[in-house]
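Consider the structure shown here.

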Amino acid sequence: MEPENLLILWKVRRSRRRAAITDLNETFTTMKLLLKFFLLATVLCAGGATASAAGNPRPFVIPELKSWQGGEGRFVPAASTRIVYASGNEELERVARMLADDCAEMFGFRPEVAAGRGGRGDVSLALKADKELGDEGYAITVGDKRVEVKAPTAKGVYWATRTLLQMAEQSDDRSLPCGEIRDWPDYGIRGLMIDCGRKFIPLHFLHDYVRILAYYKMNTLQIHLNDNGFKQYFENDWNKTYAAFRLESETYPELTARDGSYSKREFIDLQKAAEERFVEIIPEIDAPAHTLAFSHYDPQLGSKEYGMDHLDLFNPATYDFLDGLFKEYLSGDDPVFRGPRVHIGTDEYSNKDKEVVEKFRAFTDRYIRLVESYGKQACVWGALTHAAGTTPVKSENVVMHAWYNGYADPREMVRQGYHLVSIPDGYLYIVPAAGYYYDYLNCRMLYDKWTPAHVGAEVFDERDPAILGGMFAVWNDHVGNGISTKDIHDRLFPAMQTLAVKMWTGATVATPYDEFDARRHALSEAPGVNQAGRIGGSGLVYELAEVAPGCTTPHREIGYGYRVEFDVEGAAEDRGAVLFSSPDAVFYLSDPVRGMMGFSRDGYLNTFSYRVREGEKAHIAIEGDNRTTRLYVNGELREEMNIQTRYFNEGKAKMSYVRTLVFPLERAGDFHSRVTNLKVYNM
């Protein structure tokens, strides 16, 4: 390098060093000023921080409150406490009466319901416009003299009453911490999809789940009305493979499943009960796949090319059949499908060749438009990437359940105009005891990382208007696997509590997961609902000196993690002699088939290789959890019913078989033996 160039380079570097030193000095000066400001702010705010610390901490409720300003003291309800609603508003009156009923159910007292202005000691409900709160938000002011609830809609007022009940049930005196709440959801659809096609779900369970969802501000229940098992478990024979359609049909009377179904009136009443609690039921008729029940009814409807669980899209009879089915439930002034949305299925059809893909797209478009012709919004499963083609499919005002991005690329579906419900299978699918997807959802991961903006690996902005909300699902794929509705509830409830938070509160959750998981157990399932069979306390929770035939106990059942023990003096028993029963289960002293001790629930009979002989005296204990049911005789483990593996199709297919029991306690049966010293424990 030339000397003059070296001199220029040296001058440039010296200039940069001086500039760097100047910048560094300025940075230090700025940092000093910021530190002084921070220390001054800390001193000035010390009084405010103390006041905040002295105020009531944020109450724990599910979903978490968006905004809480803690006050001091508590509102303690008295015998004179009333629920007061703004005069002349029937919806507010209905909400007020539901709150009074829930108080009676949960706390043993029913406040008076009155119209007018609330006074000292009252809980008042009113409507008030507030753009920030939207359609479902609410505001609550809890003072030591009164409680005021205000919301733009009756729905928001109802959600507010769920918050009040959750706060109250965590307090021994049912009091409420003073403070101000403002709360609203990030997502409009917050729900559960339950597969009733492959496993019949009794109506009372669905009614309970409406109440449970509502208690946690979940507003959607999708009921999957038809489906079928996998033929490898049924001798690879479609004719022998289990399939069911669960709703009464007058158009096709032999279509309705004989092993469990809902009458039209029952289904209408379920929807009405849901509407009262601001829960929408979305009925789903899944087609053109998952339709073996339809081809069992009429074999010409099944596809010879793609499988009898696929409808033949090239047969005009297929469209005549489905048109008639949808017409039955959608037509008339009082249709069977009452709500604003109907789901038409459209998932997992073959894309083997272009011709069938185009037929599938035409089918999807046809039934979107058919549902819309009855004034309903159509919902579909995402399948249009899997079935990419040229036949147009309507997208405007259509809701797509985005379940697997390989079937429907979510960005592309939004570009085409669909609105999405986020229900990614890799996060939110429960398939009980199947060995794939989830047996129990990973609640920690979901709580920490998932929101409806996460559609599989595709992440949208929070509150993107194209994402309507989220749902999770239970699929009963393995027909005949012994799973009970109690087992389903054991899987659903912790997931529901977790996802209620993430679908309402979104990404900004303040409560750490470990604290959430510890505290969620303090909350009820819902007013008047106890599907888990919880009996409070640990250790001994109930005892009865002698169990007389036909007697009742105060408990319907006891859930997993229990021990039930009793002494028995054997007598000759008739086959089918019941020790205890509840609406969901029977425990036999002598089962109906072999005369052994055993139990039945959900259509499954499980028996121990043991009976109490005539004249024998024994001390019996039954222990149960969510995997195993154990029999002890005279203190020794006699038999353990755990999860079995059963093989099918010459050993090429296997299935887990579950033998759990939520022990029934509601009513003693008709038996001859003497049963004494009944003791019931939480373990």
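Q: How many salt bridges does the count come to?
A: Side chains of opposite charge can pair when their charged atoms come close. In this predicted model, the cut-off for a pair is a side-chain nitrogen of Lys or Arg within 4 Å of a carboxyl oxygen of Asp or Glu. By this rule the number of salt bridges is 48.

Q: How many residues apart in sequence are the parts tied together by lysine 199 and aspartate 602?
A: The two side chains form a salt bridge, with 2.9 Å between the closest N and O atoms. Lysine 199 is in the loop between β8 (189-195) and α4 (203-215), while aspartate 602 is in the loop between β28 (598-601) and β29 (604-607), so the parts that the pair ties together are separated in sequence by 403 residues.

Q: Is lysine 199 buried or exposed?
A: Its salt-bridge partner, aspartate 602, has a relative accessible area of 29% and is partly exposed. Buried means under 20%. Lysine 199 has a relative accessibility of 12%, and therefore counts as buried.

Q: Which strand holds glutamate 280, the residue paired with arginine 341?
A: Arginine 341 and glutamate 280 form a salt bridge, their closest N and O atoms being 2.7 Å apart. Both residues are buried. The pair links distant parts of the chain, 61 residues apart: arginine 341 belongs to strand β15 (residues 341-345), and glutamate 280 to strand β12 (residues 280-287).

Q: Where does arginine 674 lie, and which parts does its pair with glutamate 546 tie together?
A: Glutamate 546 and arginine 674 meet in a salt bridge at 3.2 Å, N to O. Glutamate 546 is partly exposed at 39%, and arginine 674 is partly exposed at 40%. The pair ties together parts 128 residues apart in sequence, because glutamate 546 lies in strand β23 (residues 539-547) and arginine 674 in strand β37 (residues 674-682).

Q: What distance separates the end C-alpha atoms of helix α5?
A: Helix α5 (residues 264-276) has 13 residues. At 1.5 Å a residue, these should span 18 Å. The distance in the model agrees with that: 19 Å.

Q: What covers the buried residues of α5?
A: An α-helix has 3.6 residues a turn, so residues three or four places apart point the same way. The buried residues of α5 are Lys264, Phe267, Ile268, Leu270, Gln271, Ala273 and Ala274. Their cover includes α4, β9 (220-224), β12 and α7 (316-330).

Key:
Residues numbered from 1 in each chain as written. Predicted model: local features only at pLDDT ≥ 70, side-chain atom pairs only at ≥ 80, totals over all residues. Heavy atoms only, no water. Helix = DSSP H or I, 4+ residues; strand = E, 2+ residues; numbered from the N terminus. Buried < 20%, exposed > 50% of the residue type's maximum accessible area, 1.4 Å probe, protein only. Expected span 1.5 Å × (residues − 1). Contact = heavy atoms within 4.5 Å.
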